[in-house]
Amino acid sequence: MTTLGMVFLADKVLDRLMSENLETASKAVSALAKADNDLSETILTRFGEKLVEVQGHQAAALLSLELSKRNPQDYGELRKDKELRKIAAQNIYTPEGENIAGHIDVFDNKGVAVWHLNSSVEGRNYSEWKDEFPDMWELVQRSFTEDRVQGYYTFIDRNQKAAKKFMALMHVQGTPFVVSAVVEIDKYFLPVQEKIRDADNKAEQQARASIVKSTGSTLDHAKFLSLGGSLILLALAGFFGFWFTGSISRPIMGLRDAVKKIGEGDFQVQVSERGPEEVKQLAQSFNLLGRQLTQYVNRLAEETAAKQRMESELSIAAEIQRSLLPTSFSPPEGGDRLEIYAVMEPARNVGGDFYDFFSIDEENMCFAIGDVCGKGVPAAILMAVTKSLLETAAGENSNPGHVLARVNRRLSQNNESCVFVTIFCCVLNFKEGKFIYANGGHDSPLVIGQQESIAFLDHPGGPALGLFQDAVFPTQEFIMEPGDTLLAFTDGVTEAFDRTGRFFAKENLIKQARRLTDRSVRDVVKDLFKEVVSFSDGMSQADDITILAFRLNKKV
Amino acid sequence: MEMKVIHGDARLTRIALSGILDLEGESKIGNEFRQLADSSKTHFLVDMSQVSYLASLGIRLLFTTAKSLATSGKKMIVLSPQPMVEETLMTSGTARLIPIAHDEDEALRLL
C-alpha cells in the first residue's frame, strides 16, 4: 500500500515537473522566435539605412559632376534639364526592384525644394511642413550646418495613416544643394520580412511539436523507473525526471539568451548546438536561418553595390559620350551666316547615335549625323570610334564620298559580327550656299525652304558602313538659298511610336517641320524633339533620338 | 516576334517571320534563325509580310544570316516586306545582299 502510494506520488511529481518544464520550454521557443524576428528586423533596418544612404550619396556625387558645368543659381533652367531631373528626383525601389519604397529629392541650404518628384512641391520651403512633421524639419535644419544627417520621422499620409520614414541627407559638393533620400524602411524590406516571418512561424511550430513529443517519451521513461517502488527509487526517479526535463528547457533558455545577444547587434554569435536531439535541431535550424539571413544580406549588399557601380559608370560613360558631341552651336566660321543646332537623346544611359560638325577651312564646314546598330555600351563604343574615324578622314579629303568610303573600309575590316553604322555626311560651302553630300544607308534629311517648300534630299545610294568593304558612296550637290534649312535626323524620330503602336513617321515629320518654318533653328530642333516625346505619350523611348539642323541665313 | 519554318525541300527553306524585329524580337528568334542558316544546305525565302517593324539589330540578323548562307553559295530572299520594312532594307543598302521579291515567282527567279 505504502509502495503504491509512493508510486502514485512519484507519478504526480513527475507529471508536475514535466508540465512546468514543458511550459518553460514553450515560452523559451516563443521568445526564441520573437528574438529571431527582431534580429531579422535589426539587420534589415541597419542594412536598409545603409543602402538608402549609398543611393543618396550616388545622386549627390552625380549632381556634383553635372552641376560643375551649370549655373546652380538658375533653378528654372536647372529644373528644365532632363538629365539633372533624372538624378535629382527619382524613386527608390525595394531591393527586389519591384516596388517603390521611397524617393530622392533635392532642396537648397535654405530648405527650398529644388527638384521633387511631385513638381508642385518645387519652389516651396520645407519649413511649411515644420508643424506637421517636426522631426523631419529638425533633420532638414540640421543639414544646413552638418555635412551628413540621418534619422527617422513619422509621416502621416492623406488617410491619416502613420508611417515611420528614414531620411538620409547629404550635401552636393560645390553647390548649395542637399540630397534627401527618404524611405519607409518597413516597406523597403516588406517582402523579405514576410518571408522571414513565415519561416519563423514554421520553425516555431515544428519546435513546439518536437518538444511535446520529446517530453512525452521522457515522462514515460521516468515513470518506468519509479515503478521500482521505494523511496530511494522515487528520489532517483524524481532526480532523473528533473534532469531529463531540464535537459530540454536549459538549452532552449540558453538559446534564447544567445539570440537576444545577437538581436542586440552581435551578429557573429552562433547559438550552441548541444542538448537533446530536438533541441539540437532547433539550434541548428536557428543557426541556419541566421546564416541564410546573413548570406542574403551580404548578397544583396554585393548586388546593390555592383548595380550602383554599374549605374555610376554608365552615368560617367554617358557624360563622356555627351562631351564627344559638339555643344557649342556658334559656327567657328561663317558668323551669323549660319545657324546650327542639334540634340541627341539616348534611349539608355548611352547610345549609338551621334552628330558632328566642324570647320574644314574658312569657307567649308562638314556636318554628319549617324546611327550605330544596336544600343547601349557596345553601340556607344562603335559610335566613338566612328566619329573619330570620320574626323580623321575628313581632315585628309573633304569629299563626303571619300570620307564615307574611308570610314567604311576601316569599319569593314574583321567585322565578323556585321555591326554597321548609317551616316549622312555633307560639306557646306557657306559662301556659295552649296553643299556636297554622301549617304551611307541613312534616312535622307529634309530641306525646308522658304515658302514652306519641304522635301527629302535625294538618296545618292550608298549602303550602311561596315557591311561591304568595297562599297562606293556617290555624292550629290544641293544649292541652298538664304533661309533654307537642312534638317537631319535618325530613325528614333520617325520610328518613335505611341501607345497604339503607330509610328511618328516621315509624313508627320514633314507636317511638324512645316509648322516650324518661321522659327529659329534652335526652336525647330527643340520643338520637333518635344513633339516626338509628346507623341510617344509616356511610352519608353525605344531608340536614340538625334536631330541636327543648320540654316544658311545669307550667302557670301 | 515569331518564326515558323513553313516548308523545306532540297532547294529552298521557307520561313515566315511575324511581329516586330527589334532588340527584343532579335533576342527571341536570333539564335534559332542563325542556327538554321548554319546547318542549311538550301536557299532561304523569308516571308516578312507580317513584320511591322525592322530595327537595326533586325537588319544585322538578316545580314549575318545571308552572309553565312552566301559562304556556301546560297541566297536569302526577303518576300513581300511591308512598305516601311522595305524602305529600311533599301535605305540601309542591305538589299544588295538580300534581294527583295514581292511574290514567290519573282523570288524563285532571283535564286
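**Hairpin of chain B.** Through three residues, a hairpin joins S1(B) to S2(B). The model is predicted, so that local features require pLDDT of at least 70 and side-chain atom pairs pLDDT 80 or more, whereas totals for chains, interfaces and linings use all residues. Residues are numbered from 1 along each chain as its sequence is written, with chains lettered from A and ligands numbered from 1 in the order in which they are written. Strand S1 (residues 2-8) and strand S2 (residues 12-21) of chain B pair in the antiparallel sense over six bridges. Strands (E, at least two residues) and helices (H or I, at least four) are DSSP runs numbered from the N terminus, and pairing requires at least two DSSP bridges between two strands.

S2(B) runs parallel to strand S3 (residues 43-54) of chain B, to which nine bridges join it; Ile20(B) has Tyr53(B) in S3(B) as its bridge partner. S3(B) also pairs with S4(B) in the parallel sense, over four bridges, and Asp47(B) has Leu79(B) in S4(B) as its bridge partner. Axes are lines fitted to C-alpha atoms, for helices over the stretch in contact, and angles between N-to-C directions run from 0 to 180 degrees; residues are in contact if their C-beta atoms, placed from the backbone, lie within 7 Å.

**Helices H1 and H2 of chain B come within 10 Å of each other, axis to axis.** The axes of H1(B) (residues 23-38) and H2(B) cross at roughly 5 degrees. From H1(B), the residues that meet H2(B) include Leu23(B), Gly30(B), Phe33(B) and Ala37(B). On the H2(B) side, those that meet H1(B) include Leu57(B), Leu61(B), Thr65(B) and Leu69(B).

**Helix H3 of chain B has buried residues that are covered by elements of both chains.** Val85(B), Thr88(B), Leu89(B), Thr91(B) and Ser92(B) are the buried residues of H3(B). A residue is buried if 20 or more other C-beta atoms lie within 10 Å of its own, exposed if 12 or fewer, and partly exposed in between. Their cover includes strand S10 (421-429) of chain A, along with S3, H2, strand S4 (76-79) and strand S5 (100-101) of chain B. Gly93(B) follows H3(B) and has a positive phi, near 85 degrees.

**Chains A and B meet through 17 residues of chain A and 14 residues of chain B.** On the side of chain B that touches chain A, helix H2 (56-70) and helix H3 (83-92) each supply at least two residues. H2(B) gives the most to that side, with seven residues.

**Chain A comprises 13 helices and 16 strands.** Of its 556 residues, 38% are buried. Among contacts in chain A with a separation of 6 or more, 67% link residues 24 or more positions apart.

**An open sheet of chain A has five strands with antiparallel pairing.** The strands follow the order S7-S16-S15-S12-S13. Strand S7 (338-345) and strand S13 (454-456) of chain A are the edge strands, each pairing on one side only. From one strand to the next, the twist averages 15 degrees. S7(A) and strand S16 (residues 545-552) of chain A run antiparallel and are joined by eight bridges, with Leu338(A) standing opposite Leu552(A) of S16(A).

**Helices H12 and H13 of chain A lie across strands.** H12(A) (residues 505-515) lies across strand S12 (446-448), S13 and strand S15 (485-489) of chain A, running at about 25 degrees to S12(A). H13(A) (residues 521-536) lies across S7, S15 and S16 of chain A, at about 155 degrees to S16(A).

**The largest nonpolar core has 98 residues.** Such a core is a set of buried Ala, Val, Leu, Ile, Met, Phe, Trp, Tyr and Cys residues joined through C-beta atoms within 7 Å. The members that touch the most others include Phe367(A), Leu404(A), Cys425(A) and Ile547(A). Beyond its neighbours within four places in sequence, Leu404(A) is in contact with Ile423(A), Cys425(A), Ala438(A), Gly440(A), Gly462(A), Leu465(A) and Phe473(A). Another core, of 37 residues, lies apart and has Leu67(A), Phe107(A), Ala113(A) and Val114(A) among its members.

Terms used:
Two residues are in contact if their C-beta atoms, placed from the backbone, lie within 7 Å.
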